[in-house]
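Me: I am new to this structure and would like to go through it step by step. Could we begin with the ligand and then turn to the protein chain?

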Amino acid sequence: MSDPSPRESPWWRRAVVYEVYVRSFASAGAGRSHGLGDLAGIRGRLPHLADLGVDAVWITPFYPSPMADGGYDVADHRGVDPRFGTLDDVRALVAEAHDRGLRVLTDLVPNHTSIEHPWFAEDPSLYVLRPGRGDGPPNDWISAFGGPAWSRMPGSDLWYLHTFAPEQPDLDWSNEEVRRRFDDVLRFWLDLGVDGLRIDAVPAIGKDLTLPDAGHGPGALFASSSWVGSPQWDGDWVHDVVARWRSVVDEYPGDRVLVSESVVAGPERAARYVAPGRMHTTFNFDHLHAPWEPAALRAVVDATLAALAPTGAPATWVLSNHDETRHVTRFGRRSTGVGVMGFDAGDPSDLALGLRRARAAALLMLALPGSAYLYQGEELGLPEVTDLPEELLQDPTWERSGPTSRGRDGCRVPLPWSGSAPPFGFGAEDPWLPQPASWADLTAQAQDGDPTSTLTLYRAALRLRRELLAGEEFGWDDAPAEVLSFTRGPGLRCVVNLGTEPLPLVGEVLLASGPVPGDELPPDTAAWLTVP
Ligand code: GLC
């Protein structure tokens, strides 16, 4: 086993990063009348994050936005939507997070802006505009959320491209002026003191601007694997743009990090985003989409480490985010893998089984070498809310899919903090999506101090991870096919039982995702052990 990362390696190589979906984390006043979370709400809950033991927070967009896509339709890249607070709140949040030893990443959305961004009216040449073909759009491209990827420019013969919703026109990244403006946006946030940026939908920039037909028929780009090999996605020239962002970040001291959201066809394509001179890390969607099956999980770990080895970038691991079905629900279903952006219809879920597996999956993820991403609420074991009333659904996926796909609102329900009834201490009286009454048992307050709670498990795992996992050593142990067992240097072995029979354990159990009676690891359970 080799350890390419000495102890003094940059923080982000092994950071646990907690995703805050700002609309749904906590409210302290600014967003209260809209039922939304806000920046002051995050500041008030920094103690929760520090106690949990994460290293950093990534905060989803809080910029001025008409909220056609929950804030991923940005109308001003350097401002704060008044529903979320002010720029001074961001400054205070960064300072207070730093005081608690937490780093802060903000979200940059470069592929598109809001249709209400002043650039769209003032300088449409910054966007992808084309004449139509006959009466129709310039080509057959479809949007990620469903329906055509083109809409007519108001008052013109031209059409504008929108890879996502019609309210999100795509910028033309072959235009030097677009690149220059985003250099300035990056500098703005780096000057303000953020520790890094998560960059949204990066492969969408690499669209083929000769605009050939894609031939994938109607529907939604993300509903099947239409995006794989599509001319709408992941073309080589995106890496020129990525390298330019990196050169801007490299002007700054202090180990700032660029994190790529690159949903691409497999670990080798993803590794291209973190080749030398490009971004520092990339999300691991192959891990997020993997089913709860030993061979699939083993294959994803091997393929990830192998693809990244030549780049020198660390691996990252992730089970949930604000676009995907929460993994407690996913792992309780017959089919435990998931497609991009929750487009799966979704069978009924056995939530007790799902939670058992989710807890085991957390110990697996947190023992792997590299960095991990937690999505708010997974430390509470929250399930997806699958029965939101249709009239309350806000994700554009719902309308644009026909409506056939309920979209991503079910993983975005505001967090339950305390108390026995909604709004569970969220801070807004009427949360923008209703919380299930059954969440009374899942509040942070209810779980605090309970030795069997998921919150206690996450806190213990993060504490042990800090103590025992300094480097990036990793090696599989000999084990039966339905068991994943690996050793991380002298300090720790992780064993996950994905079979149907209890597994005898060797070594002292440091932490387990569930009871381990008689030193036998039950099915769907993971343990961290000393290495004998
Ligand atoms: C990313 C975001 C998602 C958003 C899309 C368009 O995938 O995570 O929430 O809808 O980009 O910006």
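This is a predicted model: local features need pLDDT of at least 70, side-chain atom pairs count only at pLDDT 80 or more; totals for chains, interfaces and linings use all residues.

Me: Understood. How far is the side chain of His112 from an oxygen atom of the ligand?

Reply: An N or O atom in the His112 side chain is 2.9 Å from an oxygen atom of the ligand. The protein covers 99% of the 310 Å² of accessible area that the ligand has on its own.

Me: And what about Asp200 and Asp323?

Reply: For Asp200, a polar side-chain atom lies 2.8 Å from a ligand oxygen. For Asp323, the distance between a side-chain N or O atom and an oxygen atom of the ligand is 2.5 Å.

Me: Which residues around the ligand come nearest?

Reply: There are 14 residues around the ligand, and those that come nearest are Asp69, Asp200, Glu261, His322 and Asp323.

Me: How does that shell divide by class?

Reply: The shell has seven charged, four nonpolar and three polar residues.

Me: Where does the ligand sit, in terms of cavities?

Reply: The ligand takes up the space of the second largest cavity.

Me: Let us change topic. How many salt bridges are there?

Reply: The count comes to 30 salt bridges. One of them joins Arg43 and Asp89, with the closest N and O atoms 3.1 Å apart.

Me: Where in the chain are those two partners?

Reply: Arg43 belongs to helix 1 (residues 39-44), and Asp89 belongs to helix 3 (residues 87-99). The two are 46 residues apart, and the pair links distant parts of the chain.

Me: Now the backbone. Which peptide bonds are cis?

Reply: Among them are the bond from Gly402 to Pro403, with omega near -5 degrees, and the bond joining Pro422 and Pro423, with omega about 10 degrees.

Me: Where do Pro403 and Pro423 lie?

Reply: Pro403 is in the loop between helix 12 (396-400) and helix 13 (444-447). Pro423 is likewise placed in the loop between helix 12 and helix 13.

Me: One last point: what is the phi of Ala201?

Reply: Ala201 has a positive phi of about 45 degrees, although it is not a glycine. Ala201 is found in the loop between strand 7 (196-199) and helix 6 (238-249).

Key:
Residues are numbered from 1 along each chain as its sequence is written. Side-chain values use heavy atoms; hydrogens and water are left out. A residue is near a molecule or strand if one of its heavy atoms lies within 4 Å of it. A polar contact is a pair of N or O atoms within 3.5 Å; within protein, one must be able to donate a hydrogen and the other to accept it, and residues adjacent in sequence count only if both atoms are side-chain atoms. Accessible areas come from the Shrake-Rupley method with a 1.4 Å probe; for residues, only the protein chains shown count as cover. On a 1 Å grid over the protein atoms alone, a cavity is a set of points where a 1.4 Å probe fits but cannot get out, and a pocket is an open set with protein on both sides within 12 Å along at least five of seven lines; lining residues have an atom within 4 Å of a point. A molecule sits in a cavity or pocket if more than half of its atoms lie within 2 Å of its grid points. Ala, Val, Leu, Ile, Met, Phe, Trp, Tyr, Cys and Pro count as nonpolar, Asp, Glu, Lys and Arg as charged, and the others, Gly among them, as polar. A salt bridge is a side-chain nitrogen of Lys or Arg within 4 Å of a carboxyl oxygen of Asp or Glu. Helices (H or I, at least four residues) and strands (E, at least two) are DSSP runs, numbered from the N terminus.
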